[in-house]
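Here are some exercises to work through with the structure open beside you. Try each task before you read its solution.

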Amino acid sequence: MLVPVLAIGGLGVVAVMGVVAAFVITGWIGQPIPVLGFEQTFDQPIDFPHTVHASLKQLDHVPADGQAMEGLGLDCTFCHRTVTTQANAGVPPVGFCATCHQVIGADGNPQLDILRDAADIIGDDGPEPVNWQRVHRLPDHVRFVHEPHIRYLTANPSEVKNTTDGVATGPSGVCSTCHGNVAAMEQVEQVEPLKMGQCVDCHRDNGAPTDCVACHH
Amino acid sequence: MATAEFGSHNWGMVVDVDKCIGCNACVIACQAENNIPLNSQDRVERARTISWIRVERYWEGDFPDAKARFIPIMCQHCENAPCEPVCPVYATYHNSEGMNVQVYNRCVGTRYCANGCPYIVRFFNYWEPVWPESLRNHLNPDVTVRSRGIMEKCSFCVHRIRRESRSARSAGTEIADGAVQTACSSACPTSALNFGNFNDPDSKVSKMKEDKRHYTLLDQFGTDPNVIYLAKIDADKKVGSGAAASHD
């Protein structure tokens, strides 16, 4: 890398240092600029559109039969079932998707075929899990539990940040505080920095413990 | 609901030495609960073992009248802890619930705290912890796996405290006395180890520590531990006359 930089002279050095500085500064403040594999969106094994499932609005998404459609407006907890009771929100098993999708959705839709193959509705290679890529990930030394956060925000809707195109009451309406407007995302990305500063600010504003062992243990 | 809030407890332990039979169940329970690396032969030979709680054995008297004495020793969670002021990065500090807390992600591994501790209950990770393949899925997901180069010690099973306080707040109730049990105290077959809230005068541990047998380890250092010991009762001697019970 260094040789071509030297070959084009001082301007190249300044440009490279500028990219490095931009990476460090943006990474310090929020998300680093998406170079070197630091992208905040991931290509999922299935192009799962949260818009179709969670949004309540008219969609740009046009399904295979060519008719424009509205989102279904499913509650987040319809699929992420353990979010109100446990640490993890939970990703539904393939069989859960298949309860709807063995009849809903056109035959031959290539994305649904991946799902139906995984659920053993079509094909003959048996059921297999879908290897979803995790988008929101906290470091290993942080113990985050969804349950108290959902409980508190549901009881105190004035603390909910960001708006959602999906269901706005109950647990679904509070998820946008940290996850952004997922109901409007064709491909889920992390929009909040979800760094300790953001956690501590919110904990301080809402009287939650700011002791280190509240999360680090 | 108020007592489920953070900071309204003073967690502590009362160890009835008279009940301890030296079975080491607490040691094993702690090892399993807190993702402590296995103390392999190699590590034992190098005196680099990690055990957040240990049962020390002493012989009293001469053969054939020798008697074995056991005393479980874990982090004493001192109110006046020698480990805390020496940490240059505030990785160990005293929290408002009476616990001496180790924050793994702050620790830079100076080992000053371990050198300061008179109870020798702080352990340094000299190597990256490894488990055999068969034990990979046995790790406790509530406890951070400590990597190489940082200090660790008994946490009073703080993840269990957090879990109980969370479910109490969820249910809108208080944390009941005895609801929080550390791994060692729940494993103890003779109830020698008792965990609870010293702020509640009616709790089991608050009543136990009023026992006239009570003493604290190495109290000449003035560390003011949150772990209270109750002295061994010996049929041959008067209560509290042992060397360890000189405090009372």
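The exercises below concern a predicted model, and each task is followed by a worked solution.

**Exercise 1. The fold of chain B**

Task: Find how many helices and strands chain B has, and work out why it counts as being as compact as a globular protein of its length.

Solution: Begin with the secondary structure: chain B holds six helices and 10 strands. Next, compare sizes. The globule rule gives 18 Å for 248 residues, and the radius of gyration of chain B is 18 Å, so chain B is as compact as a globular protein of that length. Along the principal axes, its C-alpha atoms fill a box of roughly 50 × 50 × 35 Å. Then turn to the interior: of the 248 residues in chain B, 35% are buried. Finally, take the contacts in chain B between residues at least 6 apart in sequence; 62% of these join residues at least 24 apart.

**Exercise 2. Where the chains meet**

Task: Which helix of chain B gives the most to the side that touches chain A?

Solution: Start with the contact itself, where 14 residues of chain A meet 17 residues of chain B. On the chain B side, helix α4 (residues 158-171) contributes the most, with six residues. Sorted by class, that side of chain B has six nonpolar, seven polar and four charged residues.

Note on methods:
Residues are numbered from 1 along each chain as its sequence is written. Chains are lettered from A and ligands numbered from 1 in the order in which they are written. This is a predicted model: local features need pLDDT of at least 70, side-chain atom pairs count only at pLDDT 80 or more; totals for chains, interfaces and linings use all residues. Two residues are in contact if their C-beta atoms, placed from the backbone, lie within 7 Å. Helices (H or I, at least four residues) and strands (E, at least two) are DSSP runs, numbered from the N terminus. Ala, Val, Leu, Ile, Met, Phe, Trp, Tyr, Cys and Pro count as nonpolar, Asp, Glu, Lys and Arg as charged, and the others, Gly among them, as polar. The radius of gyration is taken over C-alpha atoms; the globule rule is 2.2 Å times the number of residues to the power 0.38. A residue is buried if 20 or more other C-beta atoms lie within 10 Å of its own, exposed if 12 or fewer, and partly exposed in between; C-beta atoms are placed from the backbone.
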